[in-house]
Amino acid sequence: MNEQLRLLVELENLDTSIISIRKHINSLTSKDLAKHTDLNIVSSYEELQQNLRNLEKKKKDKERSIEEFDIKIKKLRDKASEIKTNKEYQAYIKEIDNMQKELSHSEDELLNIMELLDEQRKNVEVEKAKVAQEERKLKECQNKIQIEKNIAEEKLKLLMIKRKDITNKIDKDNYKIYMDIFKNCNGQAVVEVKNEICLGCNLHIPPQQYVEIKRNKEIISCPQCRRILYFSAPAKALFPAE
């Protein structure tokens, strides 16, 4: 095979590997992390935390309300000495009784809130443990992805060194032709011809040109897609038929 053609075929194979590795590196993104994370658990934990905060606020509001009732009842009782008529006394007793009922109702509500708080805190702790487990899984996934990325980047680095070595041996004009085709033909500049067919665009190669291509003595381009063509002889059987 023509040395320049051989180098171009080798460069094509190398660039195919480089493109594949780059795609693989780009695929190692946050989308891969999302696959390994149960977002429902995180969402449930955040919702429980918000509910807990709401209950704690209700508890404080209720405690403040009870304290205000206590102050009002105390003030009413302090006015007992000022009562002069039976009518005023009856109104006084009724007002205190209503206050006591409201106080008792608020105290019952506070107890209910406190029970809900205890239950909610337990639920939050359970979900917190689940979230911690998910975070550990996420960290493990991040580490695996980073290791995989490092390995791929190291392979890419070695391939780029090899690529530079090959391109240094290719004539500048041939390399320019290769790169122009590479850019215009989706990263495929050199293709094989098989059974008189260009495997780049499926064009049927004329018989005389196919004979020239099979010799691999010179650089020949496809009449249609302009890709550089070469012929790969089929491997010989180890035990040929008699």
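1. Is Y89 buried, partly exposed or exposed? Y89 is partly exposed, with a relative accessible area of 40%, where buried means under 20%, exposed over 50% and partly exposed in between, for a 1.4 Å probe and protein chains only. Y92, in contrast, is buried, at 12%.

2. Please keep in mind that this is a predicted model, in which local features need pLDDT of at least 70 and side-chain atom pairs count only at pLDDT 80 or more, while totals for chains, interfaces and linings use all residues. Residues are numbered from 1 along each chain as its sequence is written, and side-chain values use heavy atoms, with hydrogens and water left out.

3. A search of the whole structure finds four aromatic pairs, meaning rings of Phe, Tyr and Trp (its six-membered ring) whose centres lie within 6.5 Å, with planes under 30 degrees apart called stacked, over 60 edge-to-face and the rest tilted. One of them is the tilted pair of Y89 and Y92, with 6.2 Å centre to centre and 35 degrees between the planes. Because Y89 and Y92 are three residues apart in helix α4 (residues 86-167), about one helical turn separates them; helices here are DSSP runs of H or I, at least four residues, numbered from the N terminus.

4. Y178 and F182 form a stacked pair, 5.8 Å centre to centre with 25 degrees between the planes. Both lie in helix α5 (residues 172-184), four residues apart, about one turn of the helix, and both are buried. Ring pairs also link Y175, Y178 and F182 into a cluster.

5. K214 lies over the face of F231, at 5.3 Å from the ring centre, the criterion being NZ of Lys or CZ of Arg within 6 Å of the ring centre and within 35 degrees of the ring normal.

Methods
Helix = DSSP H or I, 4+ residues; strand = E, 2+ residues; numbered from the N terminus.
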